[in-house]
Amino acid sequence: MKEPGLDGRHRDKNAPKAGEIQQKRSDTLNKNLPKPIPQFSDNTTLGKMRQVTGKIGEEAVRRAAAKLKK
């Protein structure tokens, strides 16, 4: 089993960058993402975007959102 990080989330030792967290918190606002997803407003949470697209990871949400009509 992977060791938990200091904040309690598990870190993937096999990730491209060892120890990076693979999933952002669901209360992260779109405007606070490194590259906001243009199909959603700035104040939309990542949790809401996951709900709308049915995807979990940020990149998967981004790809699914690109297929949505704004």
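Reply: Let us begin with the way the helices cross: the crossing of α1 and α2 is left-handed. Of the residues that make the contact of α1 with α2, four are nonpolar, one is polar and one is charged. Please keep in mind throughout that this is a predicted model.

Me: How many helices and strands does the protein have?

Reply: The protein has two helices and zero strands, and the helices run over 46–53 for α1 and 58–66 for α2.

Me: At what angle do α1 and α2 pack, and how far apart are their axes?

Reply: Two packed helices are described by the angle between their axes and the distance between the axes. Here α1 and α2 pack at an angle of about 55°, with their axes 10 Å apart.

Me: Which residues of α1 and α2 meet?

Reply: An α-helix has 3.6 residues a turn, so residues three or four places apart point the same way. In this model Met49, Arg50 and Thr53 of α1 meet Val61, Ala64 and Ala65 of α2.

Me: Which residues of α2 are buried, and against what do they pack?

Reply: The buried residues of α2 are Glu58, Val61, Arg62, Ala64 and Ala65, and the buried residues of this helix pack against α1. Arg63 also has its place in helix α2, but this residue counts as exposed because its relative accessibility is 55%, and the cut-off for exposed is over 50%. The C-alpha atoms of Arg63 and Ile37, which are 26 residues apart along the chain, are separated by 9.5 Å.

Me: Which residues form the largest nonpolar core?

Reply: In soluble globular proteins, nonpolar side chains tend to be buried together. The largest nonpolar core in this model has seven residues, namely Leu33, Ile37, Phe40, Leu46, Met49, Val61 and Ala65, and α1 and α2 each supply at least two residues of this core.

Me: What does Ser26 contact, beyond its neighbours within four places in sequence?

Reply: Ser26 lies in the segment before α1 and, with those neighbours left aside, is in contact with Thr45, Leu46, Gly47 and Arg50. Ser26 is partly exposed, with a relative accessible area of 42%. The separation of Ser26 and Lys48 is 22 residues in sequence and 7.8 Å in space, C-alpha to C-alpha. Lys48, which is found in helix α1, is partly exposed with a relative accessible area of 43%, and the C-alpha atoms of Lys48 and Asp27, 21 residues apart along the chain, are separated by 8.6 Å.

Me: Where is Ile56, and what does Ile56 touch?

Reply: Ile56 has its place in the loop between α1 and α2, and at 52% relative accessibility this residue counts as exposed. Not counting residues up to four places away in sequence, Ile56 touches Gln23, Arg50 and Val61. The C-alpha atoms of Ile56 and Gln23, which lie 33 residues apart along the chain, are separated by 8.0 Å.

Me: What percentage of the residues of the protein count as buried, and what percentage of the contacts join residues at least 24 apart?

Reply: Of the 70 residues of the protein, 26% count as buried. Among contacts between residues at least 6 apart in sequence, 25% join residues at least 24 apart.

Key: Residues are numbered from 1 along each chain as its sequence is written. This is a predicted model: local features need pLDDT of at least 70, side-chain atom pairs count only at pLDDT 80 or more; totals for chains, interfaces and linings use all residues. Side-chain values use heavy atoms; hydrogens and water are left out. A nonpolar core is a set of buried Ala, Val, Leu, Ile, Met, Phe, Trp, Tyr and Cys residues joined through side-chain atoms within 4.5 Å. Buried means under 20% relative accessible area, exposed over 50%, partly exposed in between (1.4 Å probe, protein chains only). Helices (H or I, at least four residues) and strands (E, at least two) are DSSP runs, numbered from the N terminus. Contact means heavy atoms within 4.5 Å. Axes are lines fitted to C-alpha atoms, for helices over the stretch in contact, and angles run from 0 to 180 degrees between N-to-C directions. A crossing is left-handed if the near helix is turned anticlockwise from the far one by less than a right angle, and right-handed if clockwise. Ala, Val, Leu, Ile, Met, Phe, Trp, Tyr, Cys and Pro count as nonpolar, Asp, Glu, Lys and Arg as charged, and the others, Gly among them, as polar.
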